[in-house]
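Hi,

Here is the model I promised to pass on.

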Amino acid sequence: MTHAFFSVISLDDALKLIHRFPRMQKEKIPLCRCLHRIAAEDIFSEETVPPFSRSTRDGFALRAKDSFGASESASPLFIIRGRVKMGEAPDFCIGPGEAAAIATGAMLPEGTDSVIMIEDTSPVDEGLVEVHRSVAPGTHVIRQGDDARPGQRLLPHGKRLRPQDLGFLAGAGITEIVVYRQPVIAILSTGDEIRPPESPLKPGEIRDINTRTLSAMAEEQGAIALEMPIVADDEMALYKALSEALNRADMVLVSGGSSVGTLDFAPRAIARLENTEILAHGLAVRPGKPTLIARCGEKPLMGLPGHAASAAVIFQILIKPLIRHITGEEGMRPEERPFSARISRNMASVMGRADYIRVAIEEGNEGAVAVPVPGEAGLIRTLVEASGLVCIPKDTEGLLKDSPVTVYPL
Ligand SMILES: Nc1nc2c(c(=O)[nH]1)N[C@H]1C(S)=C(S)[C@@H](COP(=O)(O)OP(=O)(O)OC[C@H]3O[C@@H](n4cnc5c(N)ncnc54)[C@H](O)[C@@H]3O)O[C@H]1N2
Ligand code: MOO
């Protein structure tokens, strides 16, 4: 196997590479398990929803045109032909000058096209009601088929299913749907100095931040995170851990060990794996230059920088699009929609690498202000204080105070 060690590629080229990985398989599962899953096919209705026209108020169903001209001072009388029973089709029709007592949710009797609220009527006796205002056809009525008609596409494939989407499908009698399988993503942190969060620390050791951050980010994207034990700086140990992770998962994220130091075993351990190809090592971005993209068979194997904020930024700009691609998710989630702001101060940047700066958002007089959060990429706090990323493009020397920027929410 050959690869250009640290011959950096642009993020755009890296995104093209990851789009070569295949989609997850499809599976048919009950609707009750579909929250936040991705529809793998267009979903069509076989039914008319709602199946009948129904009242949205308690009152009287009538023909709108019989109420025209009605007011407090000129209130026509209507003959009450009967009361519609809930959950049943009325066994009578309404003619001119007639009305039916109806409750919210009951079926409109034939001959009626609207409902007048009980508050706008006065009873005269058991069989007569006075109507004090006019209604237009369709007033206080949900018409048959207003939600969906047979053959109508209810949801497109690629849609991430929200609670209301599931309710929509339930209302159309759909109880199972075809979704993409959730990818199992193994997270593997490396480093002799890294200890699990519950461990006491000896001098020189630090606690594992990346496993938790990356697992949670993967779960947020709809994956099942598989947290692997921390691996020592040892090529064979990492090779074995990677082999196991690849057996158990659809994708592997390795944190740390991907730079060019003598203790950086990830590229060498990856090179030992069978049927594996390193597609890129080195991204023209900051932070995150040592990022590594490999494929093991059809599975992505991604090496992320060890620095906590770098790993998280690379997840946002590269791993998230990769997960979206393999899970078939289309469209942007509302909470991830980029927004415009102005940068609060001059920001210098190196040419040749796209700089992803972490920003806090403040409300200024003329809209949102992006305030860069200072600090090294090894500090997770910089991401905690940030609520977005701003990209300074690779061929730019920096941004002047008050320049307009696009903020990608974190
Ligand atoms: N001479 C050079 N040194 C470094 C370069 C360089 O170009 N030349 N690049 C720097 C950059 S940029 C980064 S990023 C890091 C990337 O290194 P690795 O991906 O090999 O990561 P490590 O060396 O293993 O770790 C870096 C740093 O992060 C800490 N770390 C690692 N894993 C975790 C974890 N799970 N939780 C919390 N913190 C973690 C680790 O202790 C190190 O401090 O290399 C620079 N060096
Ligand atoms: O590029 Mo490293 O990823 O600065 O932190």
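Predicted model: local features only at pLDDT ≥ 70, side-chain atom pairs only at ≥ 80, totals over all residues.

Before the ligands, one term: I call it a polar contact when two N or O atoms lie within 3.5 Å of each other; within protein, one of them must be able to donate a hydrogen and the other to accept it, and residues adjacent in sequence count only if both atoms are side-chain atoms.

Residues are numbered from 1 along each chain as its sequence is written, chains are lettered from A and ligands numbered from 1 in the order in which they are written, and side-chain values use heavy atoms, with hydrogens and water left out.

**Ligand 1**

A nitrogen atom of ligand 1 sits 2.8 Å from an N or O atom in the D208 side chain. On its own, ligand 1 has 870 Å² of accessible area, and the protein covers 66% of that (Shrake-Rupley method, 1.4 Å probe; for residues, only the protein chains shown count as cover).

Altogether 19 residues surround ligand 1, and the closest are E193, D208, I209, S258 and S259. To be near a ligand, a residue needs a heavy atom within 4 Å of it. By type, this shell has 5 nonpolar, 10 polar and 4 charged residues. Here Ala, Val, Leu, Ile, Met, Phe, Trp, Tyr, Cys and Pro count as nonpolar, Asp, Glu, Lys and Arg as charged, and the others, Gly among them, as polar.

**Ligand 2**

Around ligand 2 you will find P287, G288, K289, P290, P305, H307, S310, R353 and A377. They divide into 4 nonpolar, 3 polar and 2 charged. Oxygen atoms of the ligand are what to look at here: one is 2.5 Å from a backbone N or O atom of G288. For K289, a backbone N or O atom lies 3.2 Å from a ligand oxygen, and for H307 a polar side-chain atom lies 3.3 Å from a ligand oxygen.

In soluble globular proteins, nonpolar side chains tend to be buried together. The largest nonpolar core in this model has 40 residues, and L253, M302 and L318 have the most contacts inside it. Two or more residues each come from several elements, including α1 (11–18), α4 (210–220), β17 (251–255) and β24 (354–364). Helix α7 gives the largest share, 12 residues. A second, separate core of 24 residues includes V231, A241, A245 and C296.

The terms: a nonpolar core is a set of buried Ala, Val, Leu, Ile, Met, Phe, Trp, Tyr and Cys residues joined through side-chain atoms within 4.5 Å. Buried means under 20% relative accessible area, exposed over 50%, and partly exposed in between (1.4 Å probe, protein chains only). Helices (H or I, at least four residues) and strands (E, at least two) are DSSP runs numbered from the N terminus.

Which residues does L253 touch, leaving aside neighbours within four places in sequence? They are I185, A186, I187, L188, M302, L304, F315 and I319, where contact means heavy atoms within 4.5 Å.

- E235 is in helix α5 (residues 235–248) and counts as buried because its relative accessibility is 18%. Its side chain makes polar contacts with the side chains of R268, at 3.1 Å, and R272, at 2.8 Å.
- S114, in strand β7 (residues 114–117), is buried, since its relative accessible area is 0%. Its side chain reaches the backbone nitrogen of A64 at 3.4 Å.
- A354 belongs to strand β24 and is buried because its relative accessible area is 11%. A354 and L11 are 343 residues apart in sequence, yet 8.3 Å apart in space, C-alpha to C-alpha.
- E330 lies in the loop between α7 and β22 (339–343) and is partly exposed, as its relative accessibility is 41%. Leaving aside neighbours within four places in sequence, E330 is in contact with H157, G158 and R324.

Cheers
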